[in-house]
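The entries below follow the order in which I looked things up.

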Amino acid sequence: MPWPAKTLLTIVYFAAAMAALVWFPNFEQFDVLRWQNVASVFDFNAWVAGAGDTGVGGQLLAPAGSLATFHRALARADAHEPGATVTILHYGDSPIAADQITADARRLLQDRFGDAGAGFVLMAPPWPWYRHRGIEIEAAGWRVEAATSNPAPDHLHGLGGASFTGTVGAFSRWRFDRIEKRVDVSYLTDPNGGAFAVWSNGSLVGEAATTGPRGHSTFPIPPSSREVELRVTRGRVRLFGVTFENDGPGIRYESLGLNGAHTVTPVRYFDAGDWAARIRHEAPDLLVLNYGTNELDVPGYADGTYERDLRRLVRMVQEAAPGVSILIMSPMDRGRRNGRGEVETYQDLPKIVDIQRRVARESGCAFFNTYQAMGGAGTMARWYEARPRLVSADFMHPLPAGAKRVGTLLGQALVQSYLNYHARQDSSTHQPVHERAGNSKVR
């Protein structure tokens with residue numbers, strides 16, 4: 001049927017008006033229509049209402065079933081099932097290494113679903129700004145090999161991307177402000193290895209030799225204790241970190257950031273077999289891949305091999321942990337000063353975000369558009385002028401108040417996604433059996 005003439009004329013007039021804005025300098029600031037995005041309107045393979053989840057502001061997008069493992073785990077915790085633990089592994093770059101964003105998302109989710117422990121912490125800070133909120137780390141005597149600075153020749157970097165080798169006298173001490181029931185120590189097994197001991201509040205709670213086949217040893221933490229210390233007692237050991245655990249029900253949200261990390265960091269510098277084993281040991285329900293900021297320092301990368309590298313990383317995770325829910329989280333806005341001294345968004349940043357969205361959709365992953373959720377282009381310029389200031393002078397690393405905004409956006413989106421799932425489950429429960437099966441009739 002031909003289009004009505006008035007409707008067609010209206011569309012033509014609107015398009016002409018939008019195009020005319022390009023030719024009038026006084027209207028440059030009115031970003032009404034971006035022609036490069038018009039094609040996306042006709043992308044009928046994109047997420048559609050009812051096919052997945054839409055979180056806060058519509059920036060958490062998920063193909064149907066992509067967050068199923070995560071949602072089911074949340075449902076068990078929400079129902080207060082004994083021992084129901086929801087484990088989230090969040091990989092990223094320097095803000096995640098400083099436990100920015102992740103700390104605020106962790107707090108929000110634990111307040112809602114319960115506290116299943118602080119999660120994974122490295123043996124020592126590879127960088128002065130390495131943090132895990134609520135935990136103080138004191139350490140000495142370790143040779144540190146981090147994947148993004150001085151990678152280990154064998155690429156064995158454990159779960160968190162860093163290896164710590166020590167002999168007798170090397171130690172790590174963690175002080176925490178919460179109840180933790182257990183600490184799980186991750187190490188490399190070696191027939192010629194050594195041994196370490198774990199103390200809490202000055203009392204020995206256990207010892208382990210790294211010569212056995214396990215690669216992990218778990219020790220109880222006394223209820224009144226707020227400190228754990230590990231010391232090498234014999235030979236040479238190679239450790240990767242510790243995981244603080246509670247029984248649940250609740251959330252265990254692990255921040256696994258590396259300074260200077262790129263999408264290709266796990267692909268190039270993590271031994272695939274060892275990394276997969278460490279991931280499976282943590283038994284995650286959701287794994288977040290939060291890269292893309294440092295990629296902007298590589299000219300032409302977005303138009304070159306970036307998409308191929310991202311797909312390789314996603315496949316690597318899917319092979320390591322079949323069935324785990326995967327969330328690709330876009331980078332934040334990133335700014336730099338142009339020739340006029342104005343702070344503008346990197347030109348390739350929207351390209352990175354678009355690629356991530358497409359790869360997520362085509363790979364069965366969820367996608368959180370951090371860039372748009374925080375305000376899109378120009379956000380870092382506005383954050384730098386805000387009082388209190390929300391971003392540092394590099395227009396890349398958020399200050400605590402800015403990180404809290406992003407962490408809260410992510411946490412709220414994840415909660416809303418679960419509520420949407422829960423509502424659909426309730427709706428399905430009240431449907432007739434033949435409708436739940438997808439049939440309009442019983443034959």
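**Strand E9 and its partners.** I began with E9 and strand E14 (residues 237-245), which pair in the antiparallel sense over six bridges. Two strands count as paired if DSSP finds at least two bridges between them. Helices (H or I, at least four residues) and strands (E, at least two) are DSSP runs, numbered from the N terminus. Val185 has Val242 of E14 as its bridge partner. I then looked up strand E12 (residues 216-220), which five bridges join to E9 in an antiparallel run. Asp184 stands opposite Thr218 there. E9 covers residues 182-187, and five of its six residues are buried. Buried means under 20% relative accessible area, exposed means over 50%, and partly exposed lies in between (1.4 Å probe, protein chains only).

**Ground rules.** I noted that this is a predicted model, where local features need pLDDT of at least 70, side-chain atom pairs count only at pLDDT 80 or more, and totals for chains, interfaces and linings use all residues. Residues are numbered from 1 along each chain as its sequence is written, and side-chain values use heavy atoms, with hydrogens and water left out.

**Totals.** I found 13 helices and 20 strands in the protein. Of its 443 residues, 50% are buried. I also checked contacts (heavy atoms within 4.5 Å). Among those with a separation of 6 or more, 76% join residues 24 or more positions apart.

**A five-strand sheet.** I traced an open sheet with the order E5-E8-E13-E10-E11 and antiparallel pairing. Phe196 has Val232 of E13 as its bridge partner.

**Aromatic pairs.** I counted 10 aromatic pairs in the structure. Rings of Phe, Tyr and Trp (its six-membered ring) pair if their centres lie within 6.5 Å; planes under 30 degrees apart count as stacked, over 60 as edge-to-face and the rest as tilted. Tyr91 and Trp275 are edge-to-face, at 5.4 Å centre to centre with 80 degrees between the planes. This pair links distant parts of the chain: Tyr91 is in strand E3 (residues 85-92), Trp275 is in helix H7 (residues 272-282), and they are 184 residues apart. Tyr91 is buried at 2% relative accessible area, and Trp275 is buried at 2% as well. Next I looked at Tyr418 and Tyr421, a tilted pair with 6.2 Å between centres and 35 degrees between planes. They are three residues apart in helix H12 (residues 400-429), so about one helical turn separates them. Tyr418 is buried at 1%, and Tyr421 at 13%.

**Charges over rings.** I used this criterion: NZ of Lys or CZ of Arg within 6 Å of the ring centre and within 35 degrees of the ring normal. The charged end of Arg112 sits over the ring of Phe113, 4.5 Å from its centre. Arg231 places its charged end over the Phe171 ring, 4.6 Å from the centre.

**Backbone checks.** I found a cis peptide bond from Gly248 to Pro249, with omega near 5 degrees. Pro249 is in the loop between E14 and strand E15 (250-257). The bond from Arg387 to Pro388 is also cis, with omega near 5 degrees. Pro388 is in the loop between helix H11 (379-385) and H12.

Then I looked up positive phi in residues other than glycine. His80 has phi near 60 degrees. It lies in the loop between H3 and E3. Is His80 buried or exposed? His80 is exposed, at 61% relative accessible area. His155 also has a positive phi near 60 degrees. His155 lies in the loop between strand E6 (143-146) and strand E7 (162-166), and at 26% it is partly exposed.
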